[in-house]
Amino acid sequence: MTPLLEVRGIDKSFGPVKVLHNVEFSAYAGEVTALVGDNGAGKSTLVKCIGGIYPIDGGEIFFDGKPVQIHTPRDAGELGIEIVYQDLALCDNLDIVQNMFLGRERKSGLLLDEDSMEELAEKTLSSLSVRTVKSIRQQVSSLSGGQRQTVAIAKAVLWNSKVVILDEPTAALGVAQTAQVLELVRRLADTGLAVVLISHNMNDVFAVSDRIAALYLGRMAAQVKTSDLTHAQVVELITAGRSGELGLKNGVTP
Amino acid sequence: MTPLLEVRGIDKSFGPVKVLHNVEFSAYAGEVTALVGDNGAGKSTLVKCIGGIYPIDGGEIFFDGKPVQIHTPRDAGELGIEIVYQDLALCDNLDIVQNMFLGRERKSGLLLDEDSMEELAEKTLSSLSVRTVKSIRQQVSSLSGGQRQTVAIAKAVLWNSKVVILDEPTAALGVAQTAQVLELVRRLADTGLAVVLISHNMNDVFAVSDRIAALYLGRMAAQVKTSDLTHAQVVELITAGRSGELGLKNGVTP
Amino acid sequence: GDSGQTTTSTTSESATAAAKAGKIGVILPDSKSSARWETADRKYLEEAFKAAGVEYDIQNAQNDKTAFQTIADQMITNGATVLMIVNLDSGSGKAVIDKAKSQGVAVIDYDRLTLGGGAAYYVSFDNTKVGTLQGEGLSKCLTDKKADKPIVAYLNGSPTDNNATLFKAGYDGVLKPKFDSGDYVKGPEESVPDWDNTKAGTLFEQMLTEQPKIAGVLAANDGLGNAAITILKKNGLNGKVPVTGQDATVQGLQNILAGDQCMTVYKAVKKEADAGAKLAVALAKGEKPTASSSVKDPESGQDVPAELMEPQAIYADNVKDVVADGYVTKEELCTGDFAAKCTEAGIQ
Amino acid sequence: MSKVKELPGEAIVAATQAPSIGNSFRAYVQRVRGGDMGSLPAVLGLVVLCAVFAIARPSFVTAINFANLFTQGAAITLIAMGLVFVLLLGEIDLSAGYASGVCAAVLAVTLASLGLPWYVCALAAILTGVVIGVVLGALVAKVGIPSFVVTLAAFLAFQGLVLVLVKEGTNISVRDPVIVAIANKNLEPWLGWALYAVCVGVFAAIQLVRATRRAKRGLTADPLSLIAFRVGTLAVLAGVAVFVLNLERSRNPALVSLTGVPIVVPVILVLLVVWTVILRRTSFGRHLYAVGGNTEAARRAGIPVDRLKISAFVICSAMAAVGGIVAASRASSVDPNTGGSSVLLYAVGAAVIGGTSLFGGKGRVLDAVLGGAVVAVIENGMGLMGYGASVKYLVTGCVLLLAAGVDALARRRAAAAGLR
Amino acid sequence: MSKVKELPGEAIVAATQAPSIGNSFRAYVQRVRGGDMGSLPAVLGLVVLCAVFAIARPSFVTAINFANLFTQGAAITLIAMGLVFVLLLGEIDLSAGYASGVCAAVLAVTLASLGLPWYVCALAAILTGVVIGVVLGALVAKVGIPSFVVTLAAFLAFQGLVLVLVKEGTNISVRDPVIVAIANKNLEPWLGWALYAVCVGVFAAIQLVRATRRAKRGLTADPLSLIAFRVGTLAVLAGVAVFVLNLERSRNPALVSLTGVPIVVPVILVLLVVWTVILRRTSFGRHLYAVGGNTEAARRAGIPVDRLKISAFVICSAMAAVGGIVAASRASSVDPNTGGSSVLLYAVGAAVIGGTSLFGGKGRVLDAVLGGAVVAVIENGMGLMGYGASVKYLVTGCVLLLAAGVDALARRRAAAAGLR
Ligand SMILES: Nc1ncnc2c1ncn2[C@@H]1O[C@H](COP(=O)(O)OP(=O)(O)OP(=O)(O)O)[C@@H](O)[C@H]1O
Ligand SMILES: Nc1ncnc2c1ncn2[C@@H]1O[C@H](COP(=O)(O)OP(=O)(O)OP(=O)(O)O)[C@@H](O)[C@H]1O
Ligand SMILES: O[C@@H]1[C@@H](O)[C@H](O)OC[C@H]1O
Ligand SMILES: [Mg+2]
Ligand SMILES: [Mg+2]
């Protein structure tokens, strides 16, 4: 089975600081791949490289087996890659509907079709059990932390994309909302999408993922089937970069 | 036992939207009080009212049994209330040390004592097991989500304050760092501080808290000893505002 | 716009004279108070210097007195031995003169006298006389129109331009007695900052709104006059309310031919330029030229040797004099509709 | 207008229940008290200013002065309208004033020297504006020089360019009757009424269509009564304005008749409507707000930020060109000062007073018109007072401060109520 | 300089290992390549400009021109230094130019009409600046009017105030020998050398003390070799400058001798050092950066944001007063134009070209000096070239653009490398 999204040998430095070393990573259609790693391991950086936010210093990206060039977020969007970033990128001066359709507004003729956007946004949001939002015409600057997170997730799943990457999507969410998002993640994968989930919560990771990839200090320590791993092994991979036979050996990728 | 920090009958509206209704809340010295509630319940708003960020529309705040007026963050700081906000307030253009000592710089004579600040910051940060920060003279704009969170926490515990309020402090943290912060929370309470912890993670809440306060749609549903509650009861309070005898009755505070 | 290019040239014919002569620097004030500086003064000065075969450098400070001083510094650095300046104000003018003197560089005041400055020479028109001609011109046109107790409005020049003060002194000298006697009525008065024509338009429009019966406008130069005429036109009053001017610009002369402007004052800049250049060239050669008259500096009380030219009033019937003098060409003046009016006015 | 989600019984009471005149009015009052002032401060400032001037100088409230107001403020307003686009992105264009001067000079030169027909010349002027905008925008977006520096450099360079075009300081007369008419002539009275009818009609139609369409989809729509109220208000206010402007205002009606809506009014109106529709109802406009609010978020949403920046500068310079044409028309001439002195600061001031933020993400084209009106009323009123230059500067500064103070204090109060 | 935390064996390689000349240089190169250009672009721009002018006009590299440069750029530089404080907060002061005019007028009036001694008058001028700053700052911080509008209003009002002070358009001569000396006289040559010795000595002492103190605490400190290199560089550059300025530069040495460091140089130097220390080494300065970087974070940290804003405006206006005094000295007079025309735009431009951000949080006083030097060199060089007004404007604009372009392109490259 060829992965839907694959990166090979990715290097990334910020000035003198090298953050990603020769990273390999794959996400398969119909599967949830969990990307785990300690704070500062480079998870968000990897995602931003895939999303065209940061240019990569070296390495290749394959989509559906074919090498692709992603230079801008637009390129990623056109391939069908949708990302919820950890530093939620919402425009505080726009309302919820406007943010959800940003960059892909519906039009009737030359003008915006506000009504149909409002309808669709409403539908998507209520499926994510948002109860306390007063109006979907509210500016996002007045939302609570969890509400912002929900809007960002809703924005990403609104499109018929092929790959959805979620960078710590449930960090700010309440109990019910978290359950809803995890369910959504599973549902997306089941409809054939490749889903990548970044999370520090091992319970969540084990609950929904098919595969786990562990980053350690900018290097990919291992990418293994979830069923082949124990909770303790993953924690070891995260904190030490290795666990028994698995993981990095003296700083060299296996 | 008089609570170290107590608020009574707090009301707060944003324009036409009423977010807090007659809220009562207490935090006791030597205890960890968990503040829970759904997304948008008003937890962060309550904290910001206590911190002097938002002016309150009605109600009173008592510190050590005496009524106090908190109009600005400065007032809160002078009382010894230290807060880690959910929307981390860090200055991106300053480095880690500068952020940690912001507003309370150490001086020798008229000039800043950079050396002693650097030393102290270093010590505090390493106690929170931050391993991947390259230099504490790094600008905070280049930190990862978890690293930012750690800096904000370190900043708050640097001072000899009497009340420490943490708004979802572990949301972005890795496994090891979360454990470290929870341990710190417990340690702070044990040294006699009143600690308030906001979290959506029930495991964490039950692991460290002595008391649980549940907000439901801007109303305080219940404030009870942790030992008197079950996991399920808390979730019920969060999502429905009531659980058996506990909680709101027809929208009226008990 | 070839005139914009400053030439630093030595003409070969009189190379021998030039060999001994120093370099002459000229600083013009701006190009928005009047078109004359760049279109007339620069041209005539260049011609005069070229003819004398001296090295020269003409620059324009564009109404920026810091730039004015910097240009003076740079001219001295570049080796100028004589400076000819049209000051922006007496203070900065004096600073330039002082600095130049301390370096052994002689300074001529051109068109505007630097009060208390102590320049070696002063070359100009009789500016009070200019104002007098304007005042007389306006009375003449009002008489022609048989105006009865006309209300006269003033659009004075820039409050920061000393010449504007002299012009006003001139026309006040003519009109004030008539106001006092009740023949005329003093209307609204404004000084136009920086001679700004756009501002002048709004200023005059509001004067007219506040005092609809304005029957004569004393505008200090052609640009301000044109601003007033535009507003009058809008109200259908052009040609009925006489307007004055100064500088005999193409626009002003066309307004006169069209009957919208009563008169302008022609200052034969060529004469002024020639006189200035003659003094400058002599100074550059190390001579001590003598001037025909002198002017008393009211601030220092000293007599400054001076050459003062005579201004001339221009009405529709003698527009041709300006063309004949070569100050304005027939081609620029008699475009389009004006061809017929030119013929009518006897311009060939 | 806003879609309300139903909340559980004990939940917070929603702001708007069912839209009706009463409820809408209550909601508006609450919004205003809550700090969402919209254009209220600018309008209030305008009313206060007018009242003061009217008392001090009765001539302020004459038909002729009312007409003057429009022509006096037109150029600044047009330039400010363009600046709104650049300000929305958090950028600035210091060169807009001189850009209008350059374009006016192009108009004057092509008219005078080349003798081309007026529309060709006007087009040339606007095209010059477009080219200027492309260059400025590219330097800002593609090369990455801060817009303050780029446009400061352009401010200097254009000053030079104007001088080159007007041959180092001459005054070029503009005598083309059509161009001169723009700022100096008026519509036939019947045309004013026709324009009025079209405006009110179209406004009513749009409101009705939108409401029925939303109702059909089951979204909250404005009720008929509210629409009728809005349309009625517009009809009355615009009607009074047209009526007054159609009064005879000549000093000498026997000699020359002076009536009708000044031609600049429909020019400004059309541009106001067009730009407002573009900003509010097209994805281009939406993207402008997004880039101004959070450039990074916009970039991540796949919005071509660079292209958008260039477009904004193009619009700004093109509107500066239009402003320049109106200025040239009003002065019937172009000189090295056209677009210079305080034109730029007044234009930026107009946008800011109207409510546009200098930090991007907030602003409307209407702001420029309202702010432009404030600036024009101050200049106009001060002109009638007949003070000397120094007093006039002083008073103008203070009045400007007062007008802005109303706004600031209102927002302050709102911030104290927790909204900002 | 930076403290490095030890990382596990396989961890990322740290940028700086042990500080030494070689390593520091390598680290610097890496930082520059990584985009942290510091003042390099401004310095580079300066070098290129000087080279071009020197080739085009040999008189550019004469001692007299070198001395002229300082006095020509002084007023703008001083005003820009003050503006840095306001810009650091993300605010702007459009009135700084005319504020300098008002203060200069106060100086001139008190000198001329009241005949007070020069130091009283200078103090009165600076006090005027302080009062202006308090008023502006209070309107911005306490009332909450955007600084653009406040200072635009002040821009107008001060223009009027200058006119009132100079009695509607006359100009007041400044004849006090001490005041006139500031911009027109020079230090005795021996005094120049004494100043030089003190500067180099103090610099060396500070560097040494800091390094030993840090070493004692076990923090990474600069090694002796690096300190020696820095002190050496300063000693050579400053030495050459003093030497050149002490050469005879009179056109007519027989008539008058002209040697020595212009008095404005120590004035600027002292203010540069004082303000730099305040910005970098006091909590007041630290708080300015914090407010500029994130006002809300600063407020939450208990920083009195309002008071800080007012202080910044006070510093800005006080420095404008100093700039006004120098301008009055240079012109030996004050008139309604003092501080007007392009003074403000040039001053803001100087700060921005030096590297100060208009959005707050980023900037140094040194930026103003470097940017001021760029502006002064452009004006000075263009003055030597002898172009006409139009060409001069055009070329000045282009040169400004080029100077800023170096900077922008460098940062662009850095952004492409992932740093911004
Ligand atoms: N713009 C930048 N400049 C310099 N260093 C950076 C920059 N962005 C990230 N880094 C560094 O790169 C490393 C990886 O950061 P990244 O955000 O990818 O971590 P992460 O795995 O997402 O961590 P977390 O779980 O805390 O979100 C961190 O050490 C961080 O300090
Ligand atoms: N400035 C504001 N203006 C208007 N509404 C606001 C504002 N700030 C918060 N709200 C609203 O108040 C409610 C409570 O917000 P708050 O941030 O206190 O929630 P929270 O309990 O902290 O939620 P979370 O767990 O998601 O952080 C939300 O519905 C939010 O939309
Ligand atoms: O010729 C006039 C000149 O003398 C004056 O100084 O400035 C304006 C001009 O019109
Ligand atoms: Mg991350
Ligand atoms: Mg919250």
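Tutor: We take the ligand site, then a helix.
This is a predicted model, where local features need pLDDT of at least 70, side-chain atom pairs count only at pLDDT 80 or more, and totals for chains, interfaces and linings use all residues. Residues are numbered from 1 along each chain, chains are lettered from A and ligands numbered from 1 as written, and side-chain values use heavy atoms without hydrogens or water.

Student: How many residues surround ligand 1?

Tutor: There are 23, with A:Lys43, A:Ser44, A:Thr45, B:Ser144 and B:Gly146 the closest. A residue counts if one of its heavy atoms lies within 4 Å.

Student: Which chains surround ligand 1?

Tutor: Residues come from chains A, B and E, so the site is shared between chains.

Student: What are the polar contacts?

Tutor: That means N or O pairs within 3.5 Å. A polar side-chain atom of A:His200 sits 2.9 Å from a ligand 1 oxygen. For the side chain of A:Lys43, an N or O atom is 2.7 Å from an oxygen of ligand 1. A polar backbone atom of A:Gly40 is 2.8 Å from a ligand 1 oxygen.

Student: How much of ligand 1 does the protein cover?

Tutor: 92% of the 640 Å² of accessible area that ligand 1 has on its own, by Shrake-Rupley with a 1.4 Å probe.

Student: New topic. Is H15(E) enclosed or open?

Tutor: Of its 21 residues, 17 are buried, so H15(E) is largely enclosed by the rest of the structure. Buried is under 20% relative accessible area (1.4 Å probe, protein chains only). Helices are DSSP runs of H or I, at least four residues.

Student: What comes just after H15(E)?

Tutor: E:Gly386, with a positive phi of about 70 degrees.

Technical notes
Buried < 20%, exposed > 50% of the residue type's maximum accessible area, 1.4 Å probe, protein only. Helix = DSSP H or I, 4+ residues; strand = E, 2+ residues; numbered from the N terminus. Polar contact = N/O pair within 3.5 Å; in protein donor to acceptor, adjacent residues only side chain to side chain.
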